[in-house]
Amino acid sequence: MTIETGLLVLESILLIATIILLIYSILEGKQRDKLLMEMGKTTKILTRQEYFLTVLDTMMDAKEEIIGCITGRLPGGDDRQMARDIIATLGGLTKKGVRIKYLLPKFPDRLHIGYLYAKAGAEIFYSSCLMVHNMRFIIVDEQIVVIGVPEIIGETEATKKGYRIPSEGLAMVLRNYFNACERQTSFKDYLKEVMHQTGATLQYLAREYQIDEEELKKIMG
């Protein structure tokens with residue numbers, strides 16, 4: 001074997017080894033990315049649960065008033081139990097005389113949560129102002145604020161985490177912003193608006209948005 005042939009064989013072996021290491025590195029990178037994604041999903045679930053637990057704990061401290069701005073999307077999966085816990089808490093607080101008012105975006109599919117919150121004793125209003133599409137928060141007794149944060153900006157994005165901020169100044173600013181939100185429509189009036197705009201009947205809306213038809217008739221009556 002000549003020196004040239006030997007060098008060519010050695011070069012080929014090194015090339016093959018390099019390709020094998022490259023493939024291994026790519027596969028390892030994919031596995032690492034997959035692991036990081038799974039860890040990220042777990043973190044999101046935990047922070048979302050922590051957010052709802054913080055909301056519940058803060059609400060239960062209310063003595064006089066709660067003001068909230070929420071997405072009002074139909075809950076699914078594990079969120080259903082959280083929604084039931086919040087609604088039960090609202091019912092208990094309103095029976096104690098705590099005033100509760102929530103503002104939701106003007107989307108027909110938000111009628112479901114609006115109805116459940118109203119049934120629990122909260123005042124429910126809908127609006128198309130900018131704030132209601134971009135902010136999620138509650139204010140408790142004008143002293144404590146809990147702000148929800150989505151992973152991606154947008155009204156359709158779920159709230160992933162939140163912050164509890166004891167601040168009378170921030171509470172006052174958000175309350176003023178809340179009150180300044182234009183064209184606030186009550187649950188009953190928004191229900192009429194949806195029926196007028198879509199031509200839908202009460203029976204259809206009750207079935208479509210999972211609301212008791214007889215209860216809707218009482219509200220409209």
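**Reading the terms on a predicted model**

Modeller: Glutamine 210 is exposed, having a relative accessible area of 52%. This is a predicted model, in which local features need pLDDT of at least 70 and side-chain atom pairs count only at pLDDT 80 or more, while totals for chains, interfaces and linings use all residues. Residues are numbered from 1 along each chain as its sequence is written, and side-chain values use heavy atoms, with hydrogens and water left out.

Biologist: Why is glutamine 210 called exposed?

Modeller: Exposed means over 50% relative accessible area, buried means under 20%, and partly exposed lies in between, with a 1.4 Å probe and protein chains only; glutamine 210 has 52%, so the word exposed applies. Glutamine 210 sits in the loop between H7 and H8, where helices (H or I, at least four residues) and strands (E, at least two) are DSSP runs numbered from the N terminus.

Biologist: Which residues does glutamine 210 touch, not counting residues up to four places away in sequence?

Modeller: With contact taken as heavy atoms within 4.5 Å, glutamine 210 touches Leu74, His112 and Leu205.

Biologist: What makes glutamate 65 and arginine 175 a salt bridge?

Modeller: The term requires a side-chain nitrogen of Lys or Arg within 4 Å of a carboxyl oxygen of Asp or Glu, and the side chains of glutamate 65 and arginine 175 meet at 2.5 Å, N to O, so the pair qualifies. Glutamate 65 belongs to strand E1 (residues 65-69) and arginine 175 to helix H5 (residues 168-180), so the pair ties together parts that are 110 residues apart in sequence.

Biologist: How do you know whether glutamate 65 is buried or exposed?

Modeller: Its relative accessible area is 14%, which falls under 20%, so glutamate 65 is buried.
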